[in-house]
Amino acid sequence: MNGKLAMALSCAALMVAAPGATAEEIYRCGDSYSNKPCPGGQQVQAADPRSASQRAQAGQAAKKDAKAADAME
C-alpha cells in the first residue's frame, strides 16, 4: 500500500475510533503536525463536524477502499 493511502486510512480509522475525543490544539509545522507550538507553525482547526453515522460510513468506506487497494497489489 502506498504511503498516502496508508496515511488516509489511518486518519479515517482514528476519526472513527475516537468520536468522543475532545478537541485539542494542533499546529502545522512545515510538513508535519504537532500538539505543541513550533517556530513559524500555524494552528489548524481539527474539529470533526460529522455525525456518528457519517463517521461510521466513512470508516466502512475506508475499509472497503483498503481491501480494494490490497487486491490491486
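**The disulfide and the sheet around it**

Let's start with the sulfurs: Cys29 and Cys38 are joined by a disulfide, S to S 1.9 Å. The rule here is a pair of cysteine sulfur atoms within 2.5 Å, and by that rule the count comes to one disulfide. The torsion about the S-S bond of Cys29 and Cys38 is about -105 degrees, so this disulfide is left-handed. Cys38 itself is partly exposed, at a relative accessible area of 23%. For the cut-offs, buried is under 20% relative accessible area, exposed is over 50%, and partly exposed is in between, with a 1.4 Å probe and protein chains only.

Quick housekeeping. This is a predicted model, where local features need pLDDT of at least 70 and side-chain atom pairs count only at pLDDT 80 or more, while totals for chains, interfaces and linings use all residues. Residues are numbered from 1 along each chain as its sequence is written, and side-chain values use heavy atoms, with hydrogens and water left out.

Now, what does Cys29 sit in? That's strand 1, residues 26-29, which has a covered face with Tyr27 and Cys29 and an uncovered one with Ile26 and Arg28. Strands (E, at least two residues) and helices (H or I, at least four) are DSSP runs numbered from the N terminus, and two strands pair if DSSP finds at least two bridges between them.

The sheet is open, three strands in the order 2-1-3, with antiparallel pairing. Strand 2 (32-34) and strand 3 (42-44) are the edges, each pairing on one side only. On average, neighbouring strands are turned by 40 degrees against each other, direction ignored; the axes are lines fitted to C-alpha atoms, and angles run from 0 to 180 degrees between N-to-C directions.

On one side, strand 1 pairs with strand 2 over three bridges, and Cys29 stands opposite Ser32. Their hairpin has two residues between the strands, and Gly30 takes a positive phi there, near 70 degrees. Three bridges also join strand 1 to strand 3, with Tyr27 opposite Gln43.

Last thing, confidence: pLDDT is the predictor's own, per residue, from 0 to 100. The chain mean is 82, and 68% of residues reach 70 or more. Which elements have the lowest and highest mean pLDDT? Helix 1 (residues 3-17) is lowest at 64, and helix 2 (residues 52-72) is highest at 94.
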